[in-house]
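Reader: I am new to this structure. Can you show me how to read a few of its features?
Author: Gladly. Let us start with a single residue, then turn to a sheet.

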Amino acid sequence: MTDRTMARQVLLFIWFVSLSSALGQVSYSIPEEMAKGSLVGNIAQDLGLDLKRLKSGKARIYTGDSSEYIELNRERGFLLIKERIDREALCGQTTPCALHFQIILENPMEFYSVNVEVLDINDNAPFFEKNEILFRISESASTGTKFTIEPARDLDVGINGLQTYTLKPTDNFALKFKSQPVGGQNVEMILQKPLDREKQEHMSLTLTAIDGGDPQMSGNIQIHIIVLDVNDNAPVFTQSVYKTSVTENSPKGTIVTTVSASDPDQGINCEIIYSITNTLDKVRDIFEINETDGKVRLIGLVDYEQARNFEIRVQASDHGGFTDSCKIIVDVIDINDNKPLINIMSKTNVIAENSASETVVTMINVQDLDSGENGKVQCSVIENIPFTLKSSNVNFFSLVTDGDLDRERESEYNISVTCADEGVPSLSSSVTLSLQISDVNDNAPVFDKSSYGASVQENNTPGLSIFTVRARDADFNQNARVSYILEDSSVNGVHISSLVSVSADSGVIHAVRSFDYEQIKDFQFRVKAQDGGSPPLSSNVSVKIMIQDQNDNAPQVLYPVQSGASVVAEIVPRSADVGYLVTKVVAVDVDSGQNAWLSYKLQKATDRVLFEVGLQNGEIRTVRQVTDKDAVKQRLTVVVEDNGQPSRSATVNVNVAVADSFPEVLSEFTDFTHDKDYNDNLTFYLVLALAVVSFLFIVSIIAILSVKCYRWRRERMFYKSGANLPVIPYYPPLYADVGGTGTLQHVYNYEVCRTTDSRKSDLKYGRPCSESIISLDSSGTQTLTHAQRETLNFGDCDKQKPPSADWRFTQNQRPGPSGSFRLQPTHVRWTPPSRLRAAATPEVAVGTGPWPNPPTEAEQLQALMAAANEVSEATNTLGPGTMGLSTRYSPQFTLQHVPDYRQNVYIPGSTATLTSNQQQPQQALPPPQAAIAAAQSEPPKAAQTPASKKKSTKKEKK
């Protein structure tokens, strides 16, 4: 494409844009055959629209037919090529060639018209329909004879279309062509030099058709000429152009027109043959011509909407090869044969019932292919609906609201839109649009009644269902969901929620508590019904609850007053007449109605009936004269009974004195100060209390005596068995000094002979601990439990205390000449076998130095007697109870705590039995004062009672 051509296209594009701006629409010009996705124009900028508007409005292209060559890029606001555009296939020879479409926007609905002109490019070469042309020319043809040639066809238009022809060779013929005013070209070959059949019977020429594009394109056709002999007159049509018309949809065989040509020749040379020479269009498919008479008939259907006129080229030729041509212009007359075509451009299926008036619901485009009055269309909708049609442009209509919408009255509309043209007869088409009306919370719940009332028996069960309130909401779904709420109020200072409750879903009113008619006879409150809309709507109703009385209260006697402190008696003189009013029983019943109707009757009286009571008024009167036989003291029991079902009653005692003077009455009623039944009950309770106190006192005395006896027995058993405890045993020569230089290397067990009473106990010397416990089973038949043994043996042995200096003998106190020993605290357990086992573990330190030689019997005796003498003196200083049944020994425990074992001493390893001598000097032991001082440094603990033993065991367990 040359620069000149591009400049012309740019100027044409600017002209179109300026023209479209003036007309209120956008126009573009593009060349044909542009690649897919090529830019057409910035529609957002040219229409002055924001890109957000294109997105929110869901902008799209509406073409009205199925072919879409242009697409819209909403992200950038560009119009792009969607499909390759072939101008020749789209418009043919029509110029200018343009695409017309609309840009549709929603929310709110808008549309804009866009025209895109498709410019032609030189993409088609001229061509001939036939490959060759045959002419039979008489040799007598005169110079200047014209031979019509079928023109070439170029699908391009304008400068790119067919521009010129060339003919080669040009020895005998010259080429002449000219454009016809109604379109097409007339190409003629003119004889310039006479033909001579004898010289050249056949000739072959090349006709070239050339277009005006850049680069130029061309097409060729071969022309074959046969020179005939002698026919020097050609046929001539009576008219060069024939004009006629035909109605569309005319039946086949209809004669359109008749052409006529004449030939002055005679014979066979004057016979004319008519033929249609159109080759590039569909004329031959629609029309035909009779070869002999020149009548043109229809052989196909004529449709005004497809072609509004036809151009038929007719050729008349004789047998001598002479021809002439003419043209028939056929205009097609339109008839109303097409119904309006309704296209839905945009549609809303659901609309809210509170939508404003003239809200656009649907946009409609109506097309009628007919022309004139037949193509004018009017649309309408059925009446009595809140919608109407408005015409926004030619053949464009908008369905808008024309009144208030109410979903509760009509939830759906089927709107029939009818479009009819103005042809005769008129043709119409219709379409039905379904439109749902969405609900808006515009209706408050409505109760079935303006107020509610119900009754409930008093003393009802809490949670009792009293009755149900019900409200209905005309809205739909969530907006129609009704919830029931109690409005805040109070009854006699009590909040209403303490009396009744309402189910939020069902509206059932329940009693929260039991009602008492005597406290509340009726009460009112309000229930609110609220829907689930946003915002919610509500209404309320007044509810009155009436409490029905039950006979739940017995009559109460107000007079005479019953009191045990004093006796009130009514005096009846002996001269009283019949019907004398003695007194009146006054009673009330807090119930109401027949439950409060009281009746009085006499339940208990003396044998001879002297009195009667009024059934309704409770008046006590005499029924006969008083006689001397009547007792002075009269006691009447009056029963007051109500009229309820079941009935309830109360009794009252009335004391009556039949006497004429007050002193007589006083003397008779002195024994009425207390009621006999009351005195009997009081006596019974006093006797019962005295018996209980006496029993508790006796039990306490027995318990104290038992405890005292138990303690005395244990102490005595301990002292009786303690007279034969073992003394210092014989130590083998493997002892080591414990003063920081050695330990006892072996374990030794020793047994002693004991007295008969000692078999009830068994001593076991356990491993040394910080302190030891001596326990005693007084019965002598059972041992401690495993748990108790574990507590006693290991409870206080977690950490061994370091050796104390008070436990070591001095060098002078050691029993042997060169040895030393030491007493360790022991753990004593009492078991049924009467054996003593003394175990010294290797950990027990027993001395400060080794014994080099075993002691002799004299040395052992000397040490034994010295220890026994010290024990005897120490024993005299101990008071009763010093050695308890359970004693904790501290490291200061010395030999003065050991009883006197000087009688019948048995020395292990020896056969001698020694007797102590009080006069033997005891130089190995310290003086008694030092021993006493050492004993008093830490006095022994008191003996534990069974109760204290249980407490200590509990503490140790904790």
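Author: This is a predicted model. Find T401 in strand β29, which covers residues 396–401.

Reader: Is T401 buried or exposed?

Author: Buried means under 20% relative accessible area. T401 has a relative accessible area of 1%, so T401 is buried.

Reader: Which residues does T401 touch, leaving out those up to four places away in sequence?

Author: Look along the chain as well as around the residue. T401 touches I351, A356, S357, E358, T359, V361, P386 and F387. Now take I385. I385 and T401 are 16 residues apart in sequence, and their C-alpha atoms are 9.0 Å apart in space.

Reader: Which backbone atoms does the side chain of T401 reach?

Author: Check two of the residues it touches. The T401 side chain reaches the backbone oxygen of A356 at 3.0 Å. It also reaches the backbone nitrogen of T359 at 3.0 Å.

Reader: Now the sheet. What is the order of its four strands?

Author: The order is β1-β7-β6-β3 in an open sheet with mixed pairing. Strands β1 (26–31) and β3 (60–62) stand at the edges. Each has a single partner strand, so one side of each lacks a neighbour in the sheet. From one strand to the next, the twist averages 35°.

Reader: How many bridges join β1 to β7?

Author: Six bridges join them, and the two strands run parallel. Strand β7 spans residues 110–119.

Definitions and conventions: Residues are numbered from 1 along each chain as its sequence is written. This is a predicted model: local features need pLDDT of at least 70, side-chain atom pairs count only at pLDDT 80 or more; totals for chains, interfaces and linings use all residues. Side-chain values use heavy atoms; hydrogens and water are left out. Two strands pair if DSSP finds at least two bridges between them. Axes are lines fitted to C-alpha atoms, for helices over the stretch in contact, and angles run from 0 to 180 degrees between N-to-C directions. Buried means under 20% relative accessible area, exposed over 50%, partly exposed in between (1.4 Å probe, protein chains only). Contact means heavy atoms within 4.5 Å. A polar contact is a pair of N or O atoms within 3.5 Å; within protein, one must be able to donate a hydrogen and the other to accept it, and residues adjacent in sequence count only if both atoms are side-chain atoms.
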